[in-house]
Amino acid sequence: MSDQRVQRLLIAATGTGVGKTHVARLLVRALRARFGDEHVVAMKPVESGAPYDDARALGSPAPRYALPEPLSPHLAARRAGVSIELGAIAKWVEAQEAGIALSGTMLPYPQSWSVIETAGGVLSPLAPGLRNFELMRALDPSRWILVAPDRLGVLHDLAATLTALAHLGREPDYVVLSTPSPDASSGTNAAELRALGIAGPALVLGHGAEDVGPLVELLAPR
Ligand SMILES: Nc1ncnc2c1ncn2[C@@H]1O[C@H](COP(=O)(O)OP(=O)(O)OP(=O)(O)O)[C@@H](O)[C@H]1O
Ligand SMILES: [Mg+2]
């Protein structure tokens with residue numbers, strides 16, 4: 001059972017290296033500033049590639065599945081002789097969340113938040129027959145934040161990902177553009193995504209930008 005006192009946010013993406021950790025880190029910082037350090041936990045349940053930079057950047061506990069080789073999680077797991085299991089991840093996530101939910105002494109409990117970064121893209125494999133999508137479904141109820149890069153190719157990549165998710169029956173709650181490597185299209189993509197009816201990004205983070213205020217306002221209106 002998930003703890004209803006904890007608001008769970010899943011950070012997913014159209015692919016690898018698009019800005020999930022960047023967005024998650026800023027979101028964690030903003031939520032901590034507003035709700036208190038002890039009421040926000042960040043997690044990277046599956047990370048491939050020692051020394052596990054994402055978990056470190058997020059200030060999160062060591063990943064439940066820390067896989068040394070910098071490969072797709074399913075392959076890194078196979079090479080490490082490990083099999084990634086949904087139930088084990090769900091239990092681990094709930095254990096971390098229980099820590100923050102119980103950290104308050106006052107009633108009613110203050111709002112607590114868990115920010116969970118997935119590994120790679122929404123359809124990246126974790127094991128045969130198991131993708132991030134299934135992991136994310138197993139972690140519902142939650143809100144899904146889909147990160148895509150503000151660069152050339154995003155019109156296709158976001159359309160492809162959103163089409164797949166619509167077919168799978170669970171679409172993201174928010175789309176965020178981040179800018180790992182600016183190009184001539186950066187700054188134009190959000191408007192084109194809207195005009196083409198592909199997506200309405202809740203936030204666009206330019207290269208070096210750090211203000212996630214508009215997203216926090218949607219997640220936790222004052
Ligand atoms: N808005 C931005 N401004 C500046 N740098 C950014 C921005 N978004 C992403 N980056 C940089 O781009 C690189 C890739 O971003 P990030 O590590 O957040 O991607 P990721 O989706 O978490 O990747 P992975 O799939 O490996 O977890 C990092 O060096 C990050 O600091
Ligand atoms: Mg990352």
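Lys-44, Asp-54 and Glu-117 are linked in a network of salt bridges. I start there. Keep in mind that this is a predicted model.

Lys-44 and Asp-54 meet through their side chains in a salt bridge, at 2.9 Å from N to O. This pair links distant parts of the chain, 10 residues apart: Lys-44 is in the loop between strand E2 (40-43) and strand E3 (46-48), while Asp-54 is in helix H2, residues 53-58. Are these two residues buried or exposed? Both Lys-44 and Asp-54 are buried.

The other contact joins Glu-117 to Lys-44, again a salt bridge between side chains, at 3.0 Å from N to O. Glu-117 lies in strand E5 (residues 112-117) and Lys-44 in the loop between E2 and E3, so this bridge ties together parts that are 73 residues apart in sequence. Glu-117 is buried, as is Lys-44.

In general, side chains of opposite charge can pair when their charged atoms come close. How many salt bridges does a search of the whole structure find? The search finds 9. One of them is formed by Glu-217 with Arg-222, whose closest N and O atoms are 3.8 Å apart. Glu-217 has 35% relative accessibility and so counts as partly exposed. Arg-222 has a relative accessible area of 75%, over the 50% cut-off, and is therefore exposed.

Next, the aromatic rings. The count of aromatic pairs comes to 2. One is Phe-35 with Trp-113: the ring centres are 5.4 Å apart and the planes stand at 50 degrees, so this pair is tilted. Phe-35 lies in helix H1 (residues 20-35) and Trp-113 in strand E5, so the pair ties together parts 78 residues apart in sequence. Phe-35 and Trp-113 are both buried.

Phe-133 and Trp-144 also form an aromatic pair, and this one is edge-to-face, with 5.8 Å from centre to centre and 85 degrees between the planes. Phe-133 lies in helix H5 (residues 132-138) and Trp-144 in strand E8 (residues 143-149), so parts 11 residues apart in sequence are tied together. Phe-133 counts as buried at 5% relative accessibility, and Trp-144 is buried with a relative accessible area of 1%.

Trp-144 has a further contact, with a charge. Over its ring sits the charged end of Arg-170, 4.0 Å from the ring centre.

Definitions and conventions. Residues numbered from 1 in each chain as written. Chains lettered and ligands numbered in written order. Predicted model: local features only at pLDDT ≥ 70, side-chain atom pairs only at ≥ 80, totals over all residues. Heavy atoms only, no water. Salt bridge = Lys/Arg side-chain N within 4 Å of Asp/Glu carboxyl O. Helix = DSSP H or I, 4+ residues; strand = E, 2+ residues; numbered from the N terminus. Buried < 20%, exposed > 50% of the residue type's maximum accessible area, 1.4 Å probe, protein only. Phe/Tyr/Trp six-rings, centres within 6.5 Å; stacked < 30°, edge-to-face > 60°. Lys NZ or Arg CZ within 6 Å of the ring centre and 35° of its normal.
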